[in-house]
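Open the model in your viewer and keep the selection tool at hand. Follow the stops in order.

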Amino acid sequence: MSHHLVELRSVSHVYPDGSVALRDVSIRVTHGECVAIIGANGAGKSTLLLHLNGCLAASSGEVRVGDFPLTRKTLTQVRRTVGMVFQNPDDQLFMPTVLDDVAFGPLNLGLPQADAEQRSRAALERVGAWHLRDKPPYLLSGGEKKRVAIATVLSMAPDILVMDEPTSGLDPVARRQLMALVSEFQHTRILASHDLDMVLALCERTVVLHEGRVAADGASRDIFRDDALLARCRLEKPLAMQGCPVCGVVRLLPRSGAA
Amino acid sequence: MASIDSIAENLRHLDEFARADTVVHRLDPRAKVVVTLAFVVIVASFDRYTVAALMPFAVFPIALAVLGGLPAGYLAKNVALAIPFALLIGLFNPFFDREVVFHLGSLPVTAGWISCASIAVRAVLTLGAALVLVALTGFPAVCAALEGLGMPRVFAAQMQFLHRYLFVLVDDAARSTRALALRSGGNAPRPTTVASLLGLLLLRTWQRAERIHLAMLARAYQGELHSRETWRFAAAEVAFVIGWVSLFCILRYYDLTRLLGTLVARVLP
(Lines give C-alpha, C1' and ligand atoms only; values in the text may rest on other atoms or scores of the structure.)
Protein backbone atom coordinates (compact mmCIF):
# COMPACT_ATOMS: atom_id res chain seq x y z
CA MET A 1 0.00 0.00 0.00
CA SER A 2 1.97 2.96 -1.17
CA HIS A 3 1.15 6.03 -3.21
CA HIS A 4 4.81 6.38 -4.03
CA LEU A 5 4.88 3.48 -6.41
CA VAL A 6 5.05 3.85 -10.21
CA GLU A 7 4.86 0.91 -12.53
CA LEU A 8 4.83 0.52 -16.31
CA ARG A 9 3.75 -2.91 -17.53
CA SER A 10 4.64 -3.69 -21.17
CA VAL A 11 3.83 -0.16 -22.26
CA SER A 12 4.03 0.63 -25.96
CA HIS A 13 3.24 3.92 -27.61
CA VAL A 14 2.65 4.63 -31.27
CA TYR A 15 2.24 8.24 -32.36
CA PRO A 16 -0.57 9.11 -34.80
CA ASP A 17 1.98 9.44 -37.63
CA GLY A 18 2.87 5.77 -37.11
CA SER A 19 6.26 6.22 -35.45
CA VAL A 20 6.76 3.84 -32.54
CA ALA A 21 8.17 5.70 -29.53
CA LEU A 22 7.97 3.00 -26.85
CA ARG A 23 8.10 -0.77 -27.32
CA ASP A 24 7.12 -3.08 -24.49
CA VAL A 25 8.60 -0.97 -21.69
CA SER A 26 8.32 -2.36 -18.16
CA ILE A 27 9.71 -0.41 -15.22
CA ARG A 28 8.84 -0.48 -11.54
CA VAL A 29 9.90 2.40 -9.32
CA THR A 30 9.33 2.03 -5.60
CA HIS A 31 9.01 4.36 -2.63
CA GLY A 32 11.76 6.96 -2.22
CA GLU A 33 13.85 5.80 -5.16
CA CYS A 34 15.63 8.31 -7.38
CA VAL A 35 15.71 6.86 -10.87
CA ALA A 36 17.27 8.34 -14.00
CA ILE A 37 15.94 7.73 -17.49
CA ILE A 38 18.75 8.23 -19.99
CA GLY A 39 19.13 7.62 -23.70
CA ALA A 40 19.98 9.26 -27.00
CA ASN A 41 17.83 11.96 -28.58
CA GLY A 42 14.61 10.35 -29.75
CA ALA A 43 15.09 7.26 -27.56
CA GLY A 44 11.66 7.81 -26.00
CA LYS A 45 12.49 9.55 -22.72
CA SER A 46 9.99 12.39 -23.00
CA THR A 47 7.28 10.07 -24.33
CA LEU A 48 7.82 7.81 -21.34
CA LEU A 49 7.57 10.70 -18.89
CA LEU A 50 4.32 11.93 -20.46
CA HIS A 51 2.78 8.52 -19.72
CA LEU A 52 3.44 8.84 -16.02
CA ASN A 53 0.67 11.35 -15.39
CA GLY A 54 -1.63 10.54 -18.25
CA CYS A 55 -0.60 13.33 -20.63
CA LEU A 56 -0.24 10.50 -23.14
CA ALA A 57 -2.16 7.23 -23.06
CA ALA A 58 -0.36 3.94 -23.72
CA SER A 59 -1.23 2.27 -27.03
CA SER A 60 -0.92 -1.03 -25.19
CA GLY A 61 0.17 -2.06 -21.72
CA GLU A 62 -0.68 -0.52 -18.39
CA VAL A 63 0.57 2.33 -16.21
CA ARG A 64 -0.01 2.01 -12.48
CA VAL A 65 0.50 4.82 -10.00
CA GLY A 66 0.14 3.94 -6.34
CA ASP A 67 -2.23 1.01 -6.30
CA PHE A 68 -4.40 2.13 -9.17
CA PRO A 69 -4.11 1.61 -12.89
CA LEU A 70 -4.08 4.93 -14.73
CA THR A 71 -7.51 5.35 -16.29
CA ARG A 72 -9.82 8.23 -17.04
CA LYS A 73 -11.40 7.75 -13.62
CA THR A 74 -8.16 7.87 -11.65
CA LEU A 75 -6.61 10.63 -13.76
CA THR A 76 -7.27 13.46 -11.28
CA GLN A 77 -5.92 11.44 -8.37
CA VAL A 78 -2.85 10.40 -10.39
CA ARG A 79 -2.11 13.99 -11.41
CA ARG A 80 -2.25 15.01 -7.77
CA THR A 81 0.17 12.21 -6.88
CA VAL A 82 2.63 12.73 -9.74
CA GLY A 83 4.17 16.19 -9.98
CA MET A 84 5.61 16.85 -13.43
CA VAL A 85 8.31 19.47 -13.99
CA PHE A 86 8.58 20.19 -17.71
CA GLN A 87 11.82 20.90 -19.51
CA ASN A 88 11.02 24.44 -20.55
CA PRO A 89 9.87 26.52 -17.56
CA ASP A 90 8.22 29.00 -19.93
CA ASP A 91 5.67 26.30 -20.72
CA GLN A 92 4.99 25.74 -17.07
CA LEU A 93 4.80 29.31 -15.78
CA PHE A 94 1.73 30.83 -17.38
CA MET A 95 0.14 32.97 -14.66
CA PRO A 96 0.72 36.73 -14.21
CA THR A 97 2.94 36.42 -11.12
CA VAL A 98 5.06 33.74 -9.49
CA LEU A 99 2.74 33.40 -6.51
CA ASP A 100 -0.34 33.12 -8.76
CA ASP A 101 1.44 30.37 -10.63
CA VAL A 102 2.43 28.38 -7.56
CA ALA A 103 -1.13 28.71 -6.20
CA PHE A 104 -2.62 27.54 -9.51
CA GLY A 105 -2.41 23.81 -8.68
CA PRO A 106 -3.70 23.99 -5.09
CA LEU A 107 -6.62 26.22 -6.15
CA ASN A 108 -7.51 23.75 -8.90
CA LEU A 109 -7.51 21.01 -6.28
CA GLY A 110 -10.23 23.01 -4.55
CA LEU A 111 -8.21 24.17 -1.56
CA PRO A 112 -9.48 27.28 0.25
CA GLN A 113 -7.63 30.50 -0.54
CA ALA A 114 -5.76 30.64 2.78
CA ASP A 115 -4.54 27.04 2.57
CA ALA A 116 -3.48 27.48 -1.03
CA GLU A 117 -1.45 30.56 -0.12
CA GLN A 118 0.12 28.87 2.86
CA ARG A 119 1.13 25.87 0.74
CA SER A 120 2.45 28.13 -2.01
CA ARG A 121 4.53 30.01 0.49
CA ALA A 122 5.98 26.79 1.90
CA ALA A 123 6.80 25.56 -1.62
CA LEU A 124 8.47 28.82 -2.63
CA GLU A 125 10.47 28.91 0.59
CA ARG A 126 11.51 25.31 0.02
CA VAL A 127 13.14 26.26 -3.31
CA GLY A 128 14.44 29.60 -1.99
CA ALA A 129 12.24 31.74 -4.24
CA TRP A 130 9.77 33.38 -1.83
CA HIS A 131 11.29 36.79 -2.54
CA LEU A 132 10.28 36.43 -6.20
CA ARG A 133 6.57 35.96 -5.42
CA ASP A 134 5.28 39.19 -7.00
CA LYS A 135 7.43 39.08 -10.12
CA PRO A 136 6.02 38.17 -13.52
CA PRO A 137 7.66 34.98 -14.86
CA TYR A 138 9.28 36.68 -17.85
CA LEU A 139 11.51 38.77 -15.57
CA LEU A 140 13.09 35.72 -13.89
CA SER A 141 16.50 34.28 -14.78
CA GLY A 142 16.76 30.73 -16.10
CA GLY A 143 17.74 29.29 -12.72
CA GLU A 144 14.95 31.17 -10.95
CA LYS A 145 12.41 29.93 -13.50
CA LYS A 146 13.52 26.34 -12.96
CA ARG A 147 13.20 26.62 -9.18
CA VAL A 148 9.80 28.33 -9.41
CA ALA A 149 8.63 25.62 -11.83
CA ILE A 150 9.56 23.03 -9.19
CA ALA A 151 7.67 25.03 -6.55
CA THR A 152 4.53 25.04 -8.73
CA VAL A 153 4.57 21.26 -8.47
CA LEU A 154 5.64 21.01 -4.81
CA SER A 155 2.66 23.15 -3.78
CA MET A 156 0.38 20.31 -4.89
CA ALA A 157 2.11 18.03 -2.36
CA PRO A 158 2.89 15.23 -4.82
CA ASP A 159 4.34 11.88 -3.69
CA ILE A 160 6.26 11.40 -6.91
CA LEU A 161 8.34 14.02 -8.73
CA VAL A 162 8.98 13.62 -12.45
CA MET A 163 11.47 16.00 -14.04
CA ASP A 164 12.41 16.38 -17.69
CA GLU A 165 15.98 17.68 -18.09
CA PRO A 166 16.10 19.48 -14.74
CA THR A 167 19.61 20.88 -15.27
CA SER A 168 19.42 21.94 -18.92
CA GLY A 169 20.26 25.54 -19.66
CA LEU A 170 21.57 26.33 -16.18
CA ASP A 171 24.91 27.91 -15.31
CA PRO A 172 27.28 25.72 -13.23
CA VAL A 173 26.30 27.24 -9.88
CA ALA A 174 22.56 27.17 -10.60
CA ARG A 175 22.99 23.53 -11.70
CA ARG A 176 24.71 22.63 -8.42
CA GLN A 177 22.01 24.43 -6.43
CA LEU A 178 19.30 22.58 -8.28
CA MET A 179 21.03 19.24 -7.76
CA ALA A 180 21.37 19.95 -4.02
CA LEU A 181 17.67 20.79 -3.89
CA VAL A 182 16.59 17.63 -5.72
CA SER A 183 18.86 15.45 -3.58
CA GLU A 184 17.13 16.72 -0.44
CA PHE A 185 13.64 15.72 -1.56
CA GLN A 186 12.12 12.67 0.06
CA HIS A 187 9.79 12.02 -2.87
CA THR A 188 10.09 9.19 -5.30
CA ARG A 189 11.97 10.90 -8.13
CA ILE A 190 12.20 10.10 -11.82
CA LEU A 191 14.58 12.28 -13.83
CA ALA A 192 15.14 12.21 -17.58
CA SER A 193 18.43 13.82 -18.54
CA HIS A 194 21.50 14.00 -20.74
CA ASP A 195 23.45 15.38 -17.78
CA LEU A 196 25.13 12.09 -16.89
CA ASP A 197 27.18 13.59 -14.07
CA MET A 198 23.99 14.71 -12.41
CA VAL A 199 22.58 11.23 -12.88
CA LEU A 200 25.66 9.73 -11.28
CA ALA A 201 25.48 12.13 -8.34
CA LEU A 202 21.74 11.89 -7.65
CA CYS A 203 20.38 8.58 -8.87
CA GLU A 204 21.28 5.18 -7.47
CA ARG A 205 19.41 3.56 -10.31
CA THR A 206 19.39 4.23 -14.06
CA VAL A 207 17.17 3.02 -16.87
CA VAL A 208 18.70 3.21 -20.35
CA LEU A 209 16.29 3.60 -23.25
CA HIS A 210 17.35 2.75 -26.77
CA GLU A 211 15.00 3.08 -29.73
CA GLY A 212 11.97 2.85 -27.48
CA ARG A 213 13.10 -0.25 -25.55
CA VAL A 214 14.66 -0.65 -22.14
CA ALA A 215 18.27 -1.47 -22.98
CA ALA A 216 19.39 -1.69 -19.37
CA ASP A 217 17.99 -1.13 -15.88
CA GLY A 218 20.25 -1.27 -12.87
CA ALA A 219 22.62 0.48 -10.50
CA SER A 220 23.94 3.68 -12.11
CA ARG A 221 27.54 2.77 -11.29
CA ASP A 222 27.28 -0.58 -13.06
CA ILE A 223 25.62 0.92 -16.10
CA PHE A 224 28.27 3.60 -16.49
CA ARG A 225 31.01 0.90 -16.34
CA ASP A 226 29.49 -0.99 -19.28
CA ASP A 227 31.35 0.57 -22.19
CA ALA A 228 29.72 -1.63 -24.83
CA LEU A 229 26.21 -0.73 -23.64
CA LEU A 230 27.00 2.97 -23.52
CA ALA A 231 28.47 2.96 -27.02
CA ARG A 232 25.51 1.05 -28.44
CA CYS A 233 23.05 3.51 -26.91
CA ARG A 234 24.94 6.65 -28.03
CA LEU A 235 26.02 7.48 -24.47
CA GLU A 236 29.32 7.83 -22.67
CA LYS A 237 30.74 7.72 -19.17
CA PRO A 238 30.00 10.73 -16.97
CA LEU A 239 32.94 13.15 -17.00
CA ALA A 240 33.58 12.35 -13.34
CA MET A 241 34.43 8.78 -14.40
CA GLN A 242 36.66 9.81 -17.30
CA GLY A 243 40.35 10.61 -17.01
CA CYS A 244 41.44 14.16 -16.21
CA PRO A 245 42.67 15.78 -19.45
CA VAL A 246 45.50 17.51 -17.56
CA CYS A 247 46.88 14.88 -15.18
CA GLY A 248 45.22 11.70 -16.54
CA VAL A 249 43.94 10.61 -13.14
CA VAL A 250 40.40 9.24 -12.84
CA ARG A 251 38.58 11.02 -10.03
CA LEU A 252 37.08 8.99 -7.23
CA LEU A 253 33.37 8.50 -7.58
CA PRO A 254 31.32 11.01 -5.64
CA ARG A 255 29.80 10.06 -2.29
CA SER A 256 26.80 7.79 -1.64
CA GLY A 257 26.76 4.00 -1.64
CA ALA A 258 29.66 1.58 -1.90
CA ALA A 259 32.08 2.09 -4.80
CA MET B 1 14.42 44.00 -35.65
CA ALA B 2 15.03 47.01 -33.45
CA SER B 3 11.34 47.78 -33.64
CA ILE B 4 10.36 44.31 -32.37
CA ASP B 5 12.74 44.71 -29.45
CA SER B 6 11.29 48.12 -28.70
CA ILE B 7 7.76 46.69 -28.70
CA ALA B 8 8.84 44.25 -26.01
CA GLU B 9 10.51 47.04 -24.07
CA ASN B 10 7.37 49.13 -24.27
CA LEU B 11 5.20 46.28 -23.02
CA ARG B 12 7.54 45.67 -20.11
CA HIS B 13 7.27 49.35 -19.17
CA LEU B 14 3.50 49.06 -19.14
CA ASP B 15 3.77 46.16 -16.69
CA GLU B 16 6.27 48.00 -14.52
CA PHE B 17 3.94 50.97 -14.08
CA ALA B 18 1.18 48.58 -13.06
CA ARG B 19 3.28 47.27 -10.17
CA ALA B 20 3.50 50.66 -8.45
CA ASP B 21 1.36 51.38 -5.42
CA THR B 22 -0.67 54.60 -5.51
CA VAL B 23 -4.23 55.68 -4.71
CA VAL B 24 -5.26 54.78 -8.24
CA HIS B 25 -3.52 51.38 -8.16
CA ARG B 26 -5.28 50.46 -4.93
CA LEU B 27 -8.77 51.00 -6.37
CA ASP B 28 -10.77 47.90 -7.29
CA PRO B 29 -10.03 47.24 -11.01
CA ARG B 30 -13.77 46.86 -11.66
CA ALA B 31 -14.34 50.50 -10.68
CA LYS B 32 -11.64 51.67 -13.07
CA VAL B 33 -12.93 49.49 -15.89
CA VAL B 34 -16.52 50.70 -15.43
CA VAL B 35 -15.49 54.37 -15.42
CA THR B 36 -13.25 53.93 -18.46
CA LEU B 37 -16.03 52.17 -20.37
CA ALA B 38 -18.44 54.99 -19.47
CA PHE B 39 -15.82 57.48 -20.62
CA VAL B 40 -15.39 55.78 -23.99
CA VAL B 41 -19.13 55.47 -24.60
CA ILE B 42 -19.83 59.10 -23.68
CA VAL B 43 -16.94 60.46 -25.75
CA ALA B 44 -18.13 58.39 -28.71
CA SER B 45 -21.71 59.62 -28.30
CA PHE B 46 -20.97 63.21 -29.37
CA ASP B 47 -22.10 64.67 -32.68
CA ARG B 48 -19.52 64.17 -35.44
CA TYR B 49 -18.70 67.87 -35.75
CA THR B 50 -17.88 68.27 -32.06
CA VAL B 51 -14.34 69.27 -31.22
CA ALA B 52 -14.26 71.96 -28.54
CA ALA B 53 -16.79 70.30 -26.22
CA LEU B 54 -14.59 67.15 -26.15
CA MET B 55 -11.56 68.97 -24.79
CA PRO B 56 -12.61 69.04 -21.10
CA PHE B 57 -12.79 65.23 -21.15
CA ALA B 58 -8.99 65.14 -21.17
CA VAL B 59 -9.22 65.80 -17.44
CA PHE B 60 -9.97 62.10 -16.79
CA PRO B 61 -6.88 60.45 -18.28
CA ILE B 62 -4.67 63.32 -17.15
CA ALA B 63 -5.93 63.31 -13.55
CA LEU B 64 -5.51 59.55 -13.28
CA ALA B 65 -2.05 59.62 -14.86
CA VAL B 66 -0.93 62.32 -12.42
CA LEU B 67 -2.37 60.54 -9.37
CA GLY B 68 -0.97 57.21 -10.54
CA GLY B 69 2.52 58.57 -11.21
CA LEU B 70 2.47 57.76 -14.92
CA PRO B 71 5.15 59.77 -16.78
CA ALA B 72 3.60 62.27 -19.21
CA GLY B 73 6.26 61.49 -21.81
CA TYR B 74 5.37 57.80 -21.91
CA LEU B 75 1.68 58.54 -22.26
CA ALA B 76 2.21 61.20 -24.95
CA LYS B 77 4.56 58.99 -26.98
CA ASN B 78 2.22 56.02 -27.03
CA VAL B 79 -0.90 58.01 -27.77
CA ALA B 80 0.96 59.85 -30.54
CA LEU B 81 1.69 56.48 -32.15
CA ALA B 82 -2.04 55.99 -32.68
CA ILE B 83 -2.80 59.39 -34.22
CA PRO B 84 -1.82 58.40 -37.80
CA PHE B 85 -4.33 55.53 -37.69
CA ALA B 86 -7.09 57.85 -36.50
CA LEU B 87 -6.23 60.36 -39.22
CA LEU B 88 -6.40 57.59 -41.78
CA ILE B 89 -10.01 56.97 -40.80
CA GLY B 90 -10.91 60.66 -41.18
CA LEU B 91 -8.70 61.18 -44.22
CA PHE B 92 -11.45 61.53 -46.82
CA ASN B 93 -13.84 63.63 -44.78
CA PRO B 94 -12.33 66.97 -45.95
CA PHE B 95 -12.79 65.89 -49.60
CA PHE B 96 -16.42 64.81 -49.35
CA ASP B 97 -17.75 67.32 -46.86
CA ARG B 98 -16.79 70.68 -48.41
CA GLU B 99 -19.38 72.90 -46.79
CA VAL B 100 -17.59 75.93 -45.35
CA VAL B 101 -18.47 76.41 -41.70
CA PHE B 102 -16.39 79.46 -40.79
CA HIS B 103 -13.26 81.32 -41.82
CA LEU B 104 -10.07 81.27 -39.83
CA GLY B 105 -8.62 84.56 -40.99
CA SER B 106 -8.87 84.18 -44.74
CA LEU B 107 -8.74 80.37 -44.61
CA PRO B 108 -12.12 78.65 -45.12
CA VAL B 109 -12.67 75.76 -42.68
CA THR B 110 -14.97 73.06 -44.06
CA ALA B 111 -17.16 70.65 -42.11
CA GLY B 112 -14.95 67.80 -43.38
CA TRP B 113 -11.91 69.19 -41.63
CA ILE B 114 -13.88 69.58 -38.41
CA SER B 115 -15.17 66.01 -38.43
CA CYS B 116 -11.66 64.78 -39.20
CA ALA B 117 -10.35 66.73 -36.21
CA SER B 118 -13.16 65.35 -34.09
CA ILE B 119 -12.14 61.78 -34.94
CA ALA B 120 -8.53 62.53 -34.02
CA VAL B 121 -9.50 64.10 -30.70
CA ARG B 122 -11.75 61.17 -29.80
CA ALA B 123 -9.01 58.69 -30.69
CA VAL B 124 -6.51 60.50 -28.48
CA LEU B 125 -8.97 60.68 -25.58
CA THR B 126 -10.19 57.09 -25.67
CA LEU B 127 -6.79 55.56 -26.35
CA GLY B 128 -5.26 57.72 -23.65
CA ALA B 129 -7.89 56.53 -21.18
CA ALA B 130 -7.45 52.88 -22.14
CA LEU B 131 -3.67 53.15 -21.86
CA VAL B 132 -3.93 54.81 -18.46
CA LEU B 133 -6.34 52.09 -17.33
CA VAL B 134 -4.00 49.26 -18.30
CA ALA B 135 -0.87 51.03 -17.05
CA LEU B 136 -2.37 51.74 -13.63
CA THR B 137 -4.25 48.47 -13.19
CA GLY B 138 -2.19 45.81 -14.95
CA PHE B 139 -3.48 43.70 -17.79
CA PRO B 140 -4.28 40.57 -15.74
CA ALA B 141 -6.32 42.65 -13.26
CA VAL B 142 -8.23 44.29 -16.13
CA CYS B 143 -9.06 40.79 -17.43
CA ALA B 144 -10.19 39.70 -13.98
CA ALA B 145 -12.33 42.83 -13.69
CA LEU B 146 -13.96 42.23 -17.07
CA GLU B 147 -14.69 38.67 -16.00
CA GLY B 148 -16.15 40.00 -12.75
CA LEU B 149 -18.35 42.29 -14.84
CA GLY B 150 -19.76 39.41 -16.84
CA MET B 151 -17.32 38.73 -19.68
CA PRO B 152 -17.23 34.97 -20.42
CA ARG B 153 -14.46 33.18 -18.55
CA VAL B 154 -12.96 31.78 -21.75
CA PHE B 155 -12.27 35.26 -23.12
CA ALA B 156 -10.74 36.39 -19.85
CA ALA B 157 -8.44 33.36 -19.83
CA GLN B 158 -7.50 33.98 -23.47
CA MET B 159 -6.64 37.60 -22.82
CA GLN B 160 -4.55 36.63 -19.85
CA PHE B 161 -2.59 34.09 -21.92
CA LEU B 162 -2.23 36.59 -24.74
CA HIS B 163 -0.55 38.95 -22.32
CA ARG B 164 1.70 36.29 -20.77
CA TYR B 165 2.89 34.80 -24.05
CA LEU B 166 3.16 38.03 -25.98
CA PHE B 167 6.52 38.50 -24.28
CA VAL B 168 7.66 34.99 -25.23
CA LEU B 169 6.40 35.42 -28.79
CA VAL B 170 8.01 38.84 -29.20
CA ASP B 171 11.35 37.47 -27.95
CA ASP B 172 11.03 34.55 -30.32
CA ALA B 173 10.21 36.82 -33.27
CA ALA B 174 13.10 39.14 -32.37
CA ARG B 175 15.55 36.20 -32.37
CA SER B 176 14.28 34.92 -35.72
CA THR B 177 14.44 38.30 -37.41
CA ARG B 178 17.91 38.90 -36.00
CA ALA B 179 19.08 35.55 -37.39
CA LEU B 180 17.48 36.42 -40.72
CA ALA B 181 19.10 39.87 -40.83
CA LEU B 182 22.53 38.42 -40.00
CA ARG B 183 22.36 36.06 -42.97
CA SER B 184 20.77 38.51 -45.42
CA GLY B 185 24.02 40.35 -46.03
CA GLY B 186 22.39 43.76 -45.75
CA ASN B 187 19.73 43.07 -48.42
CA ALA B 188 16.07 43.30 -47.63
CA PRO B 189 14.76 39.75 -47.16
CA ARG B 190 12.54 38.33 -49.92
CA PRO B 191 8.80 38.18 -49.21
CA THR B 192 8.85 34.37 -49.47
CA THR B 193 11.53 34.19 -46.77
CA VAL B 194 9.54 36.45 -44.48
CA ALA B 195 6.42 34.38 -45.13
CA SER B 196 8.15 31.14 -44.21
CA LEU B 197 9.62 32.77 -41.10
CA LEU B 198 6.16 33.86 -39.99
CA GLY B 199 4.77 30.42 -40.77
CA LEU B 200 7.40 28.73 -38.63
CA LEU B 201 6.75 31.20 -35.85
CA LEU B 202 3.07 30.26 -35.98
CA LEU B 203 3.86 26.53 -35.88
CA ARG B 204 6.24 26.98 -32.94
CA THR B 205 3.56 28.95 -31.13
CA TRP B 206 1.11 26.16 -31.81
CA GLN B 207 3.45 23.55 -30.37
CA ARG B 208 4.09 25.72 -27.36
CA ALA B 209 0.35 26.08 -26.80
CA GLU B 210 0.08 22.29 -26.69
CA ARG B 211 2.91 22.01 -24.18
CA ILE B 212 1.34 24.70 -22.00
CA HIS B 213 -1.98 22.90 -22.10
CA LEU B 214 -0.26 19.71 -20.95
CA ALA B 215 1.44 21.61 -18.14
CA MET B 216 -1.94 23.00 -17.08
CA LEU B 217 -3.60 19.60 -17.16
CA ALA B 218 -0.72 18.19 -15.13
CA ARG B 219 -1.64 20.68 -12.45
CA ALA B 220 -5.29 19.68 -12.22
CA TYR B 221 -6.65 22.40 -14.53
CA GLN B 222 -10.36 21.90 -15.05
CA GLY B 223 -11.36 24.88 -17.13
CA GLU B 224 -11.20 27.62 -14.55
CA LEU B 225 -8.40 30.08 -13.83
CA HIS B 226 -8.74 30.82 -10.14
CA SER B 227 -7.73 34.26 -9.04
CA ARG B 228 -5.90 34.73 -5.79
CA GLU B 229 -6.65 38.45 -5.65
CA THR B 230 -9.62 39.48 -3.56
CA TRP B 231 -10.82 42.98 -4.33
CA ARG B 232 -13.42 44.92 -2.45
CA PHE B 233 -15.85 47.31 -3.99
CA ALA B 234 -15.92 49.69 -1.03
CA ALA B 235 -16.98 53.32 -0.45
CA ALA B 236 -13.92 54.68 -2.27
CA GLU B 237 -14.83 52.72 -5.40
CA VAL B 238 -18.47 53.81 -5.28
CA ALA B 239 -17.37 57.45 -4.90
CA PHE B 240 -14.88 57.03 -7.75
CA VAL B 241 -17.51 55.64 -10.12
CA ILE B 242 -20.29 58.07 -9.19
CA GLY B 243 -17.95 61.07 -9.19
CA TRP B 244 -16.45 60.47 -12.61
CA VAL B 245 -19.61 59.31 -14.33
CA SER B 246 -21.52 62.36 -13.07
CA LEU B 247 -18.74 64.61 -14.31
CA PHE B 248 -18.88 62.92 -17.74
CA CYS B 249 -22.66 63.45 -17.84
CA ILE B 250 -22.27 67.12 -16.96
CA LEU B 251 -19.61 67.55 -19.63
CA ARG B 252 -21.85 65.72 -22.11
CA TYR B 253 -24.79 68.10 -21.68
CA TYR B 254 -23.02 71.37 -20.89
CA ASP B 255 -20.37 72.57 -23.30
CA LEU B 256 -17.82 73.74 -20.76
CA THR B 257 -15.52 75.21 -23.41
CA ARG B 258 -18.31 77.40 -24.77
CA LEU B 259 -19.45 78.45 -21.30
CA LEU B 260 -15.88 79.44 -20.49
CA GLY B 261 -15.65 81.31 -23.77
CA THR B 262 -18.84 83.30 -23.15
CA LEU B 263 -17.69 84.04 -19.63
CA VAL B 264 -14.34 85.34 -20.83
CA ALA B 265 -16.06 87.36 -23.57
CA ARG B 266 -18.35 88.91 -21.00
CA VAL B 267 -15.57 89.80 -18.56
CA LEU B 268 -13.38 91.25 -21.31
CA PRO B 269 -15.70 93.44 -23.40
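**Stop 1: the two domains of chain B**

Select chain B and colour two parts: domain 1 (1-150 + 232-263) and domain 2 (152-227). These bounds come from an automatic or database domain assignment. The model is predicted: local features need pLDDT of at least 70, side-chain atom pairs count only at pLDDT 80 or more, and totals for chains, interfaces and linings use all residues; side-chain values use heavy atoms, with hydrogens and water left out. Residues are numbered from 1 along each chain as its sequence is written, while chains are lettered from A and ligands numbered from 1 in the order in which they are written.

Taken over C-alpha atoms, the centres of domain 1 of chain B and domain 2 of chain B are 30 Å apart. In contact (heavy atoms within 4.5 Å) are 13 residues from domain 1 of chain B and 14 residues from domain 2 of chain B.

**Stop 2**

The area buried between domain 1 and domain 2 of chain B is about 1,400 Å², and carbon and sulfur atoms give 72% of that. Buried area is the accessible area (1.4 Å probe) that two parts lose on being put together, summed over both.

Now look for charges. The rule finds 2 salt bridges across the interface of domain 1 and domain 2 of chain B. A salt bridge is a side-chain nitrogen of Lys or Arg within 4 Å of a carboxyl oxygen of Asp or Glu. Select Glu147(B) and Arg153(B): they form a salt bridge, with the closest N and O atoms 3.8 Å apart.

Next, show helix H1 (2-18) and helix H8 (139-148) of chain B, the elements that give two or more residues to the side of domain 1 that touches domain 2. H1(B) gives the most to that side, with 6 residues. Helices (H or I, at least four residues) and strands (E, at least two) are DSSP runs, numbered from the N terminus.

**Stop 3: chain B against chain A**

Bring chain A into view. Here 28 residues of chain B are in contact with 35 residues of chain A. The area buried between the chains is about 2,800 Å², of which carbon and sulfur atoms give 56%.

How many salt bridges are there between chain B and chain A? The count is 4. Select Asp91(A) and Arg208(B): this salt bridge has its closest N and O atoms 3.0 Å apart.

On the side of chain B that touches chain A, H1, helix H9 (153-182) and helix H10 (191-218) of chain B give two or more residues. H10(B) gives the most, with 8 residues.
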